[in-house]
Amino acid sequence: MQNTTQQIIVGLGERSYPIDIGAGLLSRTPLFEQLPQQILLLSNTIVEPLYGDKVRAQLQHHTVVTHLIEDGEGAKSFANYEAVMDTLIRHNFNRDCAIIALGGGVVGDLAGFVAATYQRGVAFYQIPTTLLAQVDSSVGGKTAINHAGGKNLVGAFYQPRAVLIDTDCLTTLNARDYACGLAEVVKYGIIADAEFFAWLEAHQNELNQRDAAALTYAIQRSCEIKAEVVAADEREQSVRALLNLGHTFGHAIEAAHYESWKHGEAVAAGTIIAAYLMHQQDRLSSNDFTRIETLLQQLNLPVRAPQMPLERWQTFMQRDKKVQAGVVRLVLPTAIGQACLEPWSDWQALGTAIAAMSHPDAHSPLL
């Protein structure tokens, strides 16, 4: 790949920040020159051995403390939050320090929440190393840790100072995690850009083969769409909720099948339920439903959810952060390139859609 950098600006006035996308950026970005003296590098036990030395080499004139967490969603815990705080305090980190998140969405969410709350807020920077984090969780300032009652229930909106996306990091990503990122990429096409969705259909083979040029464009366009949405609705009062397509159902799947379903897989299955619900309501064409289902399948994502009693779905879905006055609000596709946020109280229709799009043997195609 050519050593070129694409830059997107998330426009939030004084809190605007750049997203730099390119190959080899960990070794050639000017970002590190702007950082304060004290740096906490937060990573996990999988990513740090791969890229930690490369980042620290760019920070040789800084005081860098590295804190590692375990890999996996379970690491977004109160215990790890407290442990990172202990590290900051033990090393006398000041308010003018910076926290760098080097890893996937779990690392970024935890680092951001620590940054939002340490001494009432310190700078943090995102270096996402998974496709899912590059196109979704690293952009937009949602930070959180999990609670036993549900995902991301304790958190804050807190924007990074910059996001650095080195596409070379994707070469070490396993097949399931890579496919999970593609689920979020497809989401952007469904909710906001029919032309981008068609581009994904036309380039599915290149994406599956991790073609550098195709990946760079897919990441760039996904970040452009998210940046536009975040700039318009930073705190998810309206249009930003559309970014949660498939997530209300997906979070229920994750909560019930914590050990066996990854986030992107659950979102893909949840997206199919939402699309089928609209198809059954004659609000999404048969052709558009089929295109969504086919593209997800071609990108090695599950298109059937695990079977659960409707009461269990209800329990988890009622904990969704979009619930208002006890009523679930769903992001629903009405055409490829269009979606709406809608309150939904017809659980009979929901149950029918969930049952139709569930299977007792549902699992990742890559297992």
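Predicted model: local features only at pLDDT ≥ 70, side-chain atom pairs only at ≥ 80, totals over all residues.
## Helix 12

Let's start with helix 12, which runs over residues 286-298. It has 13 residues, and the distance from its first C-alpha to its last is 18 Å, close to the 18 Å expected at 1.5 Å a residue.

Six names make up its buried set: Asp288, Phe289, Ile292, Glu293, Leu295 and Leu296. These residues sit on the same side of helix 12 because they cover an arc of only 165 degrees around the axis. The cover over them includes helix 6 (175-192), helix 7 (194-202), helix 8 (204-208), helix 11 (263-280) and strand 11 (328-335). Just after helix 12 comes a backbone detail worth a look in your viewer: Asn300 takes a positive phi of about 65 degrees.

## Helix 7

Helix 7, one of the elements covering the buried residues of helix 12, has a buried side as well. Phe196, Phe197, Trp199 and Leu200 are buried there. Their arc around the axis is only 155 degrees, so they fall on the same side of helix 7. The partners they pack against are helix 6, helix 8, helix 9 (212-232) and helix 12.

Turn to the face pointing away from that buried side, and you will find the exposed residues Glu195 and Ala202. Glu195 also features at the start of helix 7, where its backbone nitrogen has a side-chain oxygen of Asp193 within 3.1 Å.

## Asp109 in helix 4

Asp109 belongs to helix 4, which spans residues 105-117. With a relative accessible area of 9%, Asp109 counts as buried because it falls under the 20% limit.

What does the side chain of Asp109 make a polar contact with? The partner is the side chain of Lys76, at 2.8 Å. Setting aside neighbours within four places in sequence, the residues in contact with Asp109 are Lys76, Ser137, Lys142, Thr143, Ala144 and Asn152.

## Lys321 in its loop

Our last stop is Lys321, found in the loop between helix 13 (310-317) and strand 11.

Once neighbours within four places in sequence are left out, Lys321 is in contact with Lys151 and Asn152. Asn152 is also one of the residues that Asp109 contacts. For a C-alpha distance to check, take Lys321 and Ala241: they are 80 residues apart along the chain, and their C-alpha atoms are separated by 9.9 Å.

Methods
Residues numbered from 1 in each chain as written. Heavy atoms only, no water. Helix = DSSP H or I, 4+ residues; strand = E, 2+ residues; numbered from the N terminus. Expected span 1.5 Å × (residues − 1). Buried < 20%, exposed > 50% of the residue type's maximum accessible area, 1.4 Å probe, protein only. Arc of directions from axis to C-beta. Contact = heavy atoms within 4.5 Å. Polar contact = N/O pair within 3.5 Å; in protein donor to acceptor, adjacent residues only side chain to side chain.
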